[in-house]
Amino acid sequence: MVKLKIINWNDNNSWTDWSGHAKTQLIARMKEYGSLPLTKTKRLVRQVLERECFEIQLPKIEGAEGLRHVLESLGAEVLIESNKNTEYGFCCSRFQESVKEGKFQHTDVHDETEWFIPEWLHIYFCPFCGESIKGNGFGTYDQDGKR
Ligand SMILES: [Zn+2]
């Protein structure tokens, strides 16, 4: 879960006006990246623009930067808060538990694979359920090719 928190509105910082374009942009982005149905999305956008609501939740980090940019163009000061443990769609609960225990870590930079065993090696497959968890890493190990 990712939260966008509007901590301040400053009209001097806005470089676009309230009506029209920005509202359409916000609704489109929140419909794409959020998890709410359209009517609720529209209501939330209206509440945000009328400064009645100061928090937007997204299921993933995807889209958060774009939303922040639109809000900033309206003069909002926005913080993005993400809870790493729910941000990743874990393949299974055993892996998630092991991450909590610190047995596996997620890289913050582009690396061989997304997950590694601290001070040892990167992993391509979940040791519990066998799911590929290489992610966007640059590693080339191919399990099927070795069979
Ligand atoms: Zn797993």
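**Entry 1**

The model I am reading is predicted. I then checked Cys-126, which counts as buried at 3% relative accessibility. The cut-off for buried is under 20% relative accessible area, so 3% falls on the buried side.

Both cysteines hold the zinc ion: its protein donors are the SG atoms of Cys-91, Cys-92, Cys-126 and Cys-129. I noted a distance of 2.3 Å from these donors to the zinc ion. What is the geometry of the site of the zinc ion? I looked up the angles among the 4 donor atoms, and they run from 104 to 116°. Four donors count as tetrahedral if all angles lie between 85 and 135 degrees, so I wrote down the site as tetrahedral.

I then followed the donors along the chain and got the spacing C-C-x33-C-x2-C. Which parts of the chain does the pair Cys-91 and Cys-126 tie together? I placed Cys-91 in the loop between helix H4 (84–87) and helix H5 (93–100). Cys-126 sits in the loop between strand S6 (122–123) and helix H6 (143–146). The two parts are 35 residues apart in sequence, so the pair ties together parts of the chain that are separated along it.

**Entry 2: The chain as a whole**

I stepped back to list the elements. The protein chain has 6 helices and 6 strands. Read from the N terminus on, their order is β-α-α-β-α-β-α-α-β-β-β-α. I also looked up burial for the 147 residues of the chain, and buried residues make up 32% of them.

**Entry 3: Salt bridges**

How many salt bridges are there? I found a count of 6, and I looked at some of them.

I began with Lys-3 and Glu-55, which form a salt bridge with the closest N and O atoms 3.9 Å apart. Lys-3 belongs to strand S1 (residues 2–9) and Glu-55 to strand S2, so this pair ties together parts that are 52 residues apart in sequence. I checked the accessibility of both partners. Lys-3 is partly exposed at 27%, and Glu-55 is partly exposed at 29%.

Next I took Glu-97 and Lys-100, where the closest N and O atoms of the salt bridge are 3.6 Å apart. Both residues lie in helix H5, 3 residues apart, which is about one turn of the helix. I found Glu-97 to be partly exposed at 39% relative accessibility, whereas Lys-100 is exposed with a relative accessible area of 51%. The cut-off for exposed is over 50%, so Lys-100 passes it.

I also looked up Glu-50 and Arg-46, whose side chains meet in a salt bridge at 3.6 Å, N to O. Glu-50 has a relative accessible area of 44% and is partly exposed. Arg-46 is partly exposed too, at 35%.

**Entry 4: The cavity**

I turned to empty space inside the model. Rolling a probe the size of a water molecule over the atoms shows where empty space is left. The count comes to 1 cavity of 30 Å³ or more. I noted about 40 Å³ of space in the largest cavity.

Which residues line the largest cavity? I listed Met-30, Gly-34, Ser-35, Leu-36, Thr-41, Leu-44, Gln-57 and Leu-58. Helix H2 (38–49) and strand S2 (55–58) are the elements that give two or more residues to this lining. I sorted the lining by class and got 4 nonpolar, 4 polar and no charged residues.

**Entry 5: Two positive phi values**

Last, I looked up backbone angles. Arg-51 has a positive phi, near 60°, and is a residue other than glycine. I placed Arg-51 in the loop between H2 and S2. Its relative accessibility is 29%, and Arg-51 counts as partly exposed.

Glu-119 is not a glycine either, and its phi is positive at about 60°. I placed Glu-119 in the loop between strand S5 (115–116) and S6. Is Glu-119 buried or exposed? I found a relative accessibility of 84%, and Glu-119 counts as exposed.

Note on methods. Residues numbered from 1 in each chain as written. Predicted model: local features only at pLDDT ≥ 70, side-chain atom pairs only at ≥ 80, totals over all residues. Heavy atoms only, no water. Donors = N, O, S within 2.8 Å, 3.2 Å for Na, K, Ca; no water. Tetrahedral: all angles 85-135°; square planar, octahedral: opposite > 155°, others 65-115°. Helix = DSSP H or I, 4+ residues; strand = E, 2+ residues; numbered from the N terminus. Buried < 20%, exposed > 50% of the residue type's maximum accessible area, 1.4 Å probe, protein only. 1 Å grid on protein atoms, 1.4 Å probe; cavity = no way out; pocket = protein on both sides within 12 Å on 5 of 7 lines; lining within 4 Å. Points joined across faces, edges and corners; volume = space filled by probe spheres on them. Nonpolar A, V, L, I, M, F, W, Y, C, P; charged D, E, K, R; others polar. Salt bridge = Lys/Arg side-chain N within 4 Å of Asp/Glu carboxyl O.
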